Amino acid sequence: MASNSDPRRNARSRAVWAALVPALALCAAGPFAASAGAQAPRPADAGWHDASPHRVFRVNTGRDVDVEVLDWGGNGPPLIFLAGFGNTAHVWDDFAPRFVPGYHVIAITRRGFGASSQPDQGYDSETLANDVLAVMDQMRWERALFVAHSFGGSELNWLAARMPRRVIRMVYLDAAFDFAELYATREWTAGPFPRPRFPDNDAATPATLAAWLSVFAGPGYPESEVRAMYEVDAAGHVGRPRIASGVEQKLRAGAAPAMLTRFLPPAVALYAEPRNVREKYPWYAQMTPAEQRAAQARFEVERRIVRRQQERFRVARASGIIHVAGGRHYLFLSNPGYVEARIRRYFALPIRGKSSPDGRGGYTYQTMFGGRSQ
């Protein structure tokens with residue numbers, strides 16, 4: 001066992017944590033550890049397998065870029081899950097199967113992460129959305145239902161505004177934001193980003209790291225997601241993150257402004273609403289007084305900015321907003337039953353009225369709430 005002063009162990013610990021920050025901080029503010037591009041995973045420890053009942057395949061989206069797709073199967077309308085910043089499709093491993101049967105369910109790993117290709121370019125909203133469309137074309141799906149978490153909302157924003165005919169309905173899980181505006185807000189990106197004590201990296205395994213992430217992100221964080229995001233050696237130790245070099249900066253720079261007034265398909269947004277700093281940071285009692293003050297300040301900053309973003313979405317979209325009291329950013333982990341029920345209820349409701357030309361070459365719809373989406 002290396003000592004606490006071992007620089008190699010400390011460097012590994014910093015690299016693992018730096019790669020986790022964007023995946024966990026709301027809308028991915030914070031630095032990634034640099035990687036050298038796509039890395040072949042090391043042999044995984046024997047005896048473990050991904051128990052989620054999906055098949056895994058890759059879809060070429062053009063210019064030597066493939067994206068990983070998880071397909072749970074099912075009968076019914078196509079349903080696509082989009083992961084947040086720093087996650088792969090495996091973050092949905094426990095939640096997505098809830099919708100089979102009833103829907104044909106898939107999830108997509110964004111380029112630059114996990115088993116998907118890690119090119120130097122193509123991290124703007126248009127290209128990322130076109131990757132999604134390429135998967136739909138491969139599946140021979142003209143239209144689909146969408147559920148997006150966190151930064152996945154940026155791709156959904158682009159699809160809704162630019163390709164509304166490909167979208168049946170949309171659900172935002174703490175994802176209905178103008179990401180370009182967020183990233184231009186210094187108060188949002190400056191931190192600090194409170195986190196619980198990180199475990200000794202010499203003992204970090206996918207299971208222990210998933211347990212730590214369950215404290216940070218929400219209960220039941222899938223071990224399969226840890227294994228998708230990190231190399232795991234034959235001894236079962238977590239190694240290098242499987243991410244593209246400089247991906248955080250590229251995604252932030254490529255996030256297109258949300259054209260809310262051009263959104264056409266019906267949409268509903270669920271927002272996590274921790275009611276106090278202790279709900280936001282469940283490890284608050286273990287913080288030092290200085291850390292508690294920093295956490296309270298961060299809590300106030302996020303609440304103020306998120307409320308402003310919520311109001312913009314509500315006014316522009318005339319759509320439904322659901323506040324999940326006590327919810328965590330990973331709503332599908334902290335409140336899985338409630339979130340599933342609200343999604344199913346929304347998808348089952350009829351759209352009021354028929355679509356009609358909007359005068360801009362697109363179509364308008366009436367939402368489940370009777371408001372007009374324009």
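**View 1. Strand S5 in the predicted model.** From S5, the side chains of Ala 144, Phe 146 and Ala 148 point one way and those of Leu 145, Val 147 and His 149 the other way, and all are buried, where buried means under 20% relative accessible area, exposed over 50% and partly exposed in between, with a 1.4 Å probe and protein chains only. In a regular strand the side chains alternate between the two faces of the sheet. Strand S5 covers residues 144–149 and is mostly covered, with six of its six residues buried; helices (H or I, at least four residues) and strands (E, at least two) are DSSP runs, numbered from the N terminus. This is a predicted model, in which local features need pLDDT of at least 70 and side-chain atom pairs count only at pLDDT 80 or more, while totals for chains, interfaces and linings use all residues. Residues are numbered from 1 along each chain as its sequence is written, and side-chain values use heavy atoms, with hydrogens and water left out.

**View 2. The neighbours of S5.** Strand S3 (residues 78–82) runs parallel to S5 and is joined to S5 by four bridges, two strands being paired if DSSP finds at least two bridges between them. Leu 79 has Leu 145 as its bridge partner in S5. Five bridges join S5 to strand S6 (residues 167–173), again in parallel, and Phe 146 has Met 170 as its bridge partner in S6.

**View 3. Helices H2 and H3.** The axes of helix H2 (residues 125–139) and H3 come within 9 Å and cross at roughly 80 degrees, axes being lines fitted to C-alpha atoms, for helices over the stretch in contact, with angles from 0 to 180 degrees between N-to-C directions. Among the residues that make the contact are Leu 128 and Val 132 of H2 and Trp 158 and Leu 159 of H3, contact meaning heavy atoms within 4.5 Å.

**View 4. Two residues with positive phi.** Ser 150, which is not a glycine, has a positive phi of about 50 degrees and lies in the loop between S5 and H3; Ser 150 is buried, with a relative accessible area of 3%. Asp 174, also a residue other than glycine, has a positive phi near 50 degrees, and its place is in the loop between S6 and helix H4 (179–183).

**View 5. A cis peptide bond.** Val 100 and Pro 101 are joined by a cis peptide bond with omega of about 0 degrees, and Pro 101 lies in the loop between S3 and strand S4 (104–108).
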